[in-house]
Amino acid sequence: MPALQRDEAQTRAQLIDVHHYDIALDLTRGADRFGSHTVIQFTARTAGDTFVELKPAELHSATLDGRPLDPAALDDNRLPLTDLTPGAHELRLDATMCYSRTGEGMHRFTDPADGESYVYTQLFLDDVQRVFGAFDQPDLKAVFALTVTAPTDWTVLGNGIATQGDPGHWTLAPTPLISTYLVAVAAGRWHSVRTEHAGLPFGIHCRRSLAPHLDADAEEILDLTRRCFDRYHEIFEEPYPFDSYDQAFVPEFNAGAMENPGLVTFRDEFVFRSAVTDTERQTRGMVIAHEMAHMWFGDLVTLQWWDDIWLNESFAEYMGYQVLSEATRFRDTWTDFAVARKGWGYDADQRPSTHPVAPAPGPFTPAHPDPVSDTASALLNFDGISYAKGASALRQLVAWMGEKDFLAGINDHFARHRFGNAALADFLDSLGRATDRDVHAWAARWLRTTGVDTLTPEAATGGDTWHLDVHHSGSRPHRIAVGAYDQDLTDPGRLVLRDRFELDIPAEEGRTRRAFPKPAPDLLVLNDGDLTYAKVRFDPASWQTVARSLSGLPDPLTRAVVWNAARDMVRDGALAPTAYLDAARTHLPHETDLAILQGVLAFARTQIADHYLPAAARHTALTTLTALSRDILRRTEGPAHGTEAGLRLTAVRAFIDSATTPEGIQDWLDDGSVPGGPHLDPELRWRILGRLATLGAGPLDALRAAIDAELARDPGATGREGAARCHAALPDPAAKQAAWDALFTTDEHAGLSNYLFIATATGFWAPEQHELLRPYVARYFTAAPALAAARGPALAAAAGRQAFPDTFVEDETLRLGEACLADGQATPALRRKLVDQLDDLRRALKIRAAADAR
């Protein structure tokens, strides 16, 4: 499917205006295909030629102004429209389309728990053509009116209020002007909880097998929705622009969620089947708030072209965390952002594939490496830069210009471009009308550049003062807070805030100095409060204090900044991985913030133990993590609720994942409970079985029987994924070959769905099984490009991420990967993942070499 080029989109937008789509979908034609009939009303400004996009199983007929077009003229996904005359035109397309099993276009899923089938659309970024014919670019907005024919016992949901006439025949209220990628339909025997708020119908929906779990959390979800909705109406002058607000939790969804106006779709893992921590509930709340922000950022005002995706995602990310903290019980959202999201941005920004938050348009040059010249390259930019770095930049912008002016600029932007399209320059103009600060210069420094600045403190004493010098390596200005802490004389493990002051760091590299009365503090924390996007370091005395007393810092956000700094120091070779583990062993048993505990344990387990430490040191690292987890379990013995229950659940998960022998976890599985709680729910049972399978704990036949018995106990989609992961993890040549064959078949009909693919790949590459897996490393670099070419971008991304042999931290893996890139066979989506994976591999090799040299 050829990617749409930016210049093609610009030419088409100059030629035509699109007004109205009438779309009729027939979902009663079986499990593989559906009917799609489209009527498009558009106007040509001048005479000329263009094309419409459509990717059908079969195009039955096409007419332009009543004149038949030859269906054979459809070239891949483009149907030429030639000899257009100025004025109004009507295009009619009748086609049969294919359901997807990869989460793209119209995805169809049959629930193994009860046999019920569900379909839903995911039309982002250019997948609308998999469902109906369209002029598929974001700046050709139109009104969409849909009718849907479905099985008579199904319910249909869409962007507007859905009404059923004759049984099985549904009409969706026409939309306001929206972009093609935002059209949404979901159909099936949904379990629904409906209410009304602010005069609008609200609803939440899931597949029927998840009904009890949605019902258990329905009030929490709806309360969060109402609170965020009301808060947005307090800060945005433009009212919610659509006629209803439905949230559908759909199966096998590739993203976290999608901001379809009036019908937000979420991955249905957010309908919790098993126990979760309060931080995980907060994450669900943030996603709800994030997608709701898109109703204004992205849906009401939409980007002109995909180089301004940050106008959608960065704003929704920032607003999601901010509004959740202001309107709900979740007050520490920025701690979670610091731990769970910011590292994603830092990592992405230090790879060869980095790009500006807002790439400037233009031809490819060495100085301009990512112009987002087509939709294929645009899709690659939905990463830690567009989300986490962009949101961090906005947080810094608010600190720099003030929240009042920032919100005034946003509201001016909405008023000027409502139901239209806008670019970065338009947004900066609106900000500039609200402030006397030079926002264009700020944007040039922050949004058009790449890389991460570094701030390093140096403390020196002289006379009656001590001096703080902040050394700046980078190119951006920063407004930061600096925290000065002393150790409590009555409790040496506790740190007390002496002072927190603001400091402006100029854009130019160099030194910023401040002088203070003696004595110097025990600890200096740059970027205290995490208001900017920069790596920070410590002076020697401060690091000694961190090593002794990190858990004694009173504010969790400050602790998150310190842990992030330690993480960056490990990745940059400035701190030994073992030193990070020592800090975790010392301080995590005293940690009270769930986001910090989860984030630090995840980094220690997945990065330090599996990648950064030499293979010979891995067993010791895992033993350290199980000992740490056991300490937390001892601390949380007894009835546990709220945070204590979350700490305990996190420790149980970490203990299971780090177990080096079946002792303990096998007993938990046999007893159905951890001593002192919790009882084992499906998530924990599958987690234990996966670890036992990886360890080869017992006869293979017995392990297979245990997996099959658990699947019989939990026969739904999540159970199937758990079983696939466990079977792939077995240390058995036949199991590995079967998993490999399932992963890398290029047959669309026999191939795994995305979720089963990821589950199988996750189980396959076990660090404990290197000798068994070694022959597959070279095979991967031949199999992955073939799979990506055959099955499209979503599977390509999964193949490049979850199926990559990243536990083989070896020069040979790097050599094979570089050869794969050099032969040019990888699709853009796979290539981007391979570039990132190989860069991470180089970093891990350097860290290991430095550890060996110490």
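This note goes through selected features of the predicted model, point by point.

1. Basis. The model is predicted, and local features are taken at pLDDT of at least 70, side-chain atom pairs at pLDDT 80 or more, while totals for chains, interfaces and linings use all residues. Residues are numbered from 1 along each chain as its sequence is written, and side-chain values use heavy atoms, with hydrogens and water left out.

2. The bend in α23. Helix α23, residues 770-791, bends by about 45 degrees at Arg 779, where the bend is the angle between axes fitted to the seven residues ending at a residue and the seven starting there. Helices here are DSSP runs of H or I with at least four residues, and strands are runs of E with at least two, numbered from the N terminus. The helix is followed by Gly 792, whose phi is positive, near 95 degrees.

3. Arg 791 forms a salt bridge with Glu 748, with the closest N and O atoms 3.5 Å apart; the term requires a side-chain nitrogen of Lys or Arg within 4 Å of a carboxyl oxygen of Asp or Glu. The pair links helix α23 with the loop between α21 and α22, the two residues being 43 residues apart. Arg 791 counts as buried at 4% relative accessibility, whereas Glu 748, at 30%, is partly exposed.

4. Other salt bridges. The structure holds 64 salt bridges, one of which joins Arg 281 to Asp 217 with the closest N and O atoms 3.1 Å apart. Arg 281 lies in helix α3 (residues 278-294) and Asp 217 in helix α2 (residues 211-235), so this pair ties together parts that are 64 residues apart in sequence. Both Arg 281 and Asp 217 are buried. Lys 342 and Asp 530 also meet through their side chains, at 2.7 Å from N to O, and this pair connects helix α5 (residues 333-349) with the loop between β27 and β28, 188 residues apart; Lys 342 and Asp 530 are both buried.

5. Nonpolar cores. A nonpolar core is a set of buried Ala, Val, Leu, Ile, Met, Phe, Trp, Tyr and Cys residues joined through side-chain atoms within 4.5 Å. The largest has 154 residues, of which Tyr 232, Met 319 and Phe 406 touch the most other members. A second, separate core of 128 residues includes Tyr 485, Phe 516, Trp 563 and Ala 799.

6. The five-stranded sheet. An open sheet of mixed pairing has the strand order β15-β16-β17-β19-β18, and its edge strands, β15 (191-197) and β18 (257-258), each pair on one side only. Strands count as paired if DSSP finds at least two bridges between them. Strands β16 (residues 200-206) and β17 (residues 245-250) pair in the parallel sense over five bridges, with Gln 247 of β17 as the bridge partner of Ile 204.

Terms used. Buried means under 20% relative accessible area, exposed over 50%, partly exposed in between (1.4 Å probe, protein chains only).
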